[in-house]
Amino acid sequence: MVADDFAVLDDPLEQQAFTQASEADDGFVNESVLMVQGMYCAACADTVESALARCPGVLEAQVHAATRRLTLRWDPARTRLSELAQAVGRTGYRLLPMQQALGVSERVKETRQALWRLFVAGFCMMQVMMYTWPEYVTAPGEIPADIVQLLRWASWVLSLPVMLFASGPFFASAWRDLRQGRIGMDTPVSIGILVTFVASSLATFDPTGPWGQDIWFDSLTMFVFFLLGGRYLELKLRDRTAGALDALMNRLPEQCERERPDGTVERVSLKRLQVGDVVRVEAGQAFPGDGTVLSDAATVDEALLTGESHPITRRRGGAVVAGSYNLGGTVRVRIDRLGRDTRFAQIVSLMEQASTEKPRLARLADRIAAPFLVLVLLAAALSALLWWSVDPHRAVATAVAVLIVTCPCALSLATPAAMLASAGALARRGILTRRLQAFEALAAVDTVVFDKTGTLTQDRVVVREVRVRDGWTVERALRAAAPLARASLHPVSRALVARFEDTAAGDGPAPLLEVAETPGRGLTARDTEGHEWRLGSAAHCGLDEAALVQVGRSVADMPCAYLADAHGWVATFVLDEGVRPDARAAIERLRALGLRVHLLSGDRLGAALRVARPLGIDTVVAEASPERKLEQVARWQAGGHRVAMVGDGLNDGPVLARADVSFALGHGAPLTQTRADFVVQSGRLSDVVFVVEQARATMRIVRQNLAWAAGYNAISVPLALVGWMPPWAAGLGMAASSLLVIGNAMRLSRMVAKALSNGLPAVAAPTPTPV
Amino acid sequence: MEILYLLIPLSVVLVLLIIGVFWWALQSGQFDNIEREGERILRQD
């Protein structure tokens, strides 16, 4: 039994998405499309229908068992939708608005139509082959003439659905091109199909006529079937890329629990939610929008960003993204962004944009294809004319073979198919491709330039070294500093607490009173005996940094935090940015791939070198202003290098735009503003290596595809022109070359699966212990 | 051989019939998500 109050269904704003009102004899009739949850069979459909039929105000209720779709006609004057939903709820089913299904239904319809055409062509093809088979295997005259004629008629009947229905897309597209005065890919195909059918039909009904008595119904149906098969696979490929994230899209909740100012909770639909609202998200539910955590901590699953689901902890004040799951207990979240503004919506629109883009090689192929197609038509007409004078019976066959065999479908598919497959595969791993063209550029790159902060290093700091007053130990200093640091969320404080928890065994920190924070400077507190303790910058602690450095109590070119008591200096905590755990392996791998790795940092030379040296980076350019960074990248490019730039996408926009290919690491920057070609959402450096390898694999496949398509045409066109290629072989060859190109491209998505199972670091390595 | 006059038209009708059955299966959504039935056992609702 389902006991919701379903008030959300009565919301007029909500209703217009799934309800249509129409005028009837007496008043209005509403027609709503709803989804029935919890229903699996025809018997369930009966239960729901009869439960609704008993309610007053219901004019008609129809449940479609397979799609779980309920079409409900009801009288708004006599009942409300929520009452009907409650009636259904009493039988154990839940009614949901159908809004997401409406969006998906377009695509479902398209796929169904494609599959339907493919199947009609397939079945007719099989049967036509059966009817044609006796003619191939018997000597002329072996079968009685009337039976031969009967078989031909049967073939003709079954070719009709293929002609009239299954070939529809080719004719439609050829007609569209024709009206615009162009010659498209489908023009020769359509002419070929038409000529074959007309000639075969004439031969069937008038075997003694000038068209001879050859029929090609088997070639025709087979050709259409294979061509449709290729189109279907292409459609699926496109679907998988654009729809790679679609499955995630459906996880946004339809409604959520909003807190009223007085602390009570109300259920509202997602559409009613506004920025600034505070919502409660229960365990197992998805967050309705991008927001800030108001509870102490939340455990979330951000598989939609990183491509892998393992729990991540977000503390109070941390950000959660729409569509990610709450794994822990109930969490209070303040909504910061909704709908189109959420990171999630941005990801989806980005992917859609990228998948409609035509890469350079594809445009080039199309440019070559257009004049090529004119040549094909001329060649076919010419060969028909020539053969007409030699042997009229073979004229049609030759022309048809030329028309069909030369279709450059494979050529135009070669590039986009491969790049789309790769983009889809990367998307499933949490890597977004903004331009398909970037695959080509990345495969040619020979130099990778990293930014330092937030790219090679994590965006948090660690305590690298502790220097203490004579007589003190590091543990004692940490224990004194920890209670102060605990009171603050500053990155340095967190680093101190983390270090304290790592080293201190058993002993808790000394209790302190009256802890106060001066933002940007430090903390002050009093211990139980009334002595004052300070933690923070040198100025905050009343210390002279230069003097401390001189006596070896501090370090010059690194950030430091100080602890001081009433007598002055107690300890210096030397801080360092933590190098990402996978940086070393990633850079080694890049070098093994033959790439040069540079570091371009705005930081001081000492800090940059300390990061770069152990990683084996070739060149370090430090203390670079944004202008200097641009200049340096331009200099590398002028030296003939192709440069890929890896940054965090926040501070290095111009440099990212200047480089040949750019990566944005992590999800700091808003996606719509980032200029990067690839966005690595997980922030793993190993993913950068992975994209480089994938790009090289993609271009390898593209080259294979182009070589195959060009080679195929070069060989088959002369063969067809001299009449050595029967129409069936032409159809088979052309369709097979398209299928081969698509199949080859699809290997790219399998490569990712293999790479993942082969143990490329799919799970982030543990955080490094501070040095 | 006269039986072929019956059998061949019959086979044509049969093919059209099979196509009709497939049309019904397709339109009732049986091919929309082939994995769904297999995954159903894992679901709670």
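**Entry 1: the mixed sheet**

I started with an open sheet of seven strands in chain A, which runs in the order 15-27-26-25-16-23-24 with mixed pairing. I checked the edges: strand 15 (431-433) and strand 24 (619-621) of chain A each pair on one side only. On average, neighbouring strands of this sheet are turned by 20° against each other, direction ignored.

Some terms I needed. Strands are DSSP runs of E with at least two residues, helices are runs of H or I with at least four residues, and both are numbered from the N terminus. Two strands pair if DSSP finds at least two bridges between them. Angles run from 0 to 180 degrees between N-to-C directions, and axes are lines fitted to C-alpha atoms, for helices over the stretch in contact.

I also noted that this is a predicted model, where local features need pLDDT of at least 70, side-chain atom pairs count only at pLDDT 80 or more, and totals for chains, interfaces and linings use all residues. Residues are numbered from 1 along each chain as its sequence is written, while chains are lettered from A and ligands numbered from 1 in the order in which they are written.

Next I zoomed in on one pair. Strand 25 (residues 643-647) and strand 26 (residues 661-665) of chain A pair in the parallel sense over four bridges. There, A:V646 has A:F663 in strand 26 of chain A as its bridge partner. Helix 24 of chain A packs on the sheet and touches strand 15, strand 25, strand 26 and strand 27 (678-680) of chain A. The direction of helix 24 makes about 145° with that of strand 27 of chain A.

**Entry 2: two helix pairs**

I followed helix 24 (residues 685-721) of chain A to helix 14 (residues 409-428) of chain A: they pack at an angle of about 160°, with axes 8 Å apart. So helix 14 is roughly antiparallel to helix 24 of chain A (the label for angles over 145 degrees). Their contact (C-beta atoms, placed from the backbone, within 7 Å) includes A:A414 and A:A418 of helix 14 and A:I701 and A:V702 of helix 24 of chain A. By class I got 13 nonpolar, five polar and no charged residues. Ala, Val, Leu, Ile, Met, Phe, Trp, Tyr, Cys and Pro count as nonpolar, Asp, Glu, Lys and Arg as charged, and the others, Gly among them, as polar.

Among the contact residues are A:W153 and A:W156 of helix 5 and A:F197 of helix 7 of chain A.

**Entry 3: the other sheet**

I found an open, antiparallel sheet of six strands in chain A, with the order 7-6-8-14-9-12. Its edge strands are strand 7 (265-269) and strand 12 (319-320) of chain A. Strand 9 (residues 290-293) and strand 12 of chain A pair over two bridges, and A:T292 has A:A319 as its bridge partner.

**Entry 4: touching chain B**

How many residues of chain A are in contact with chain B? I wrote down 20 residues of chain A, against 18 residues of chain B. Helix 4 (99-137) of chain A gives the most to that side, with nine residues. The side of chain A divides into 15 nonpolar, four polar and one charged.

How values were computed. Parallel < 35°, antiparallel > 145°, perpendicular 65-115°, else oblique. Contact = placed C-beta atoms within 7 Å.
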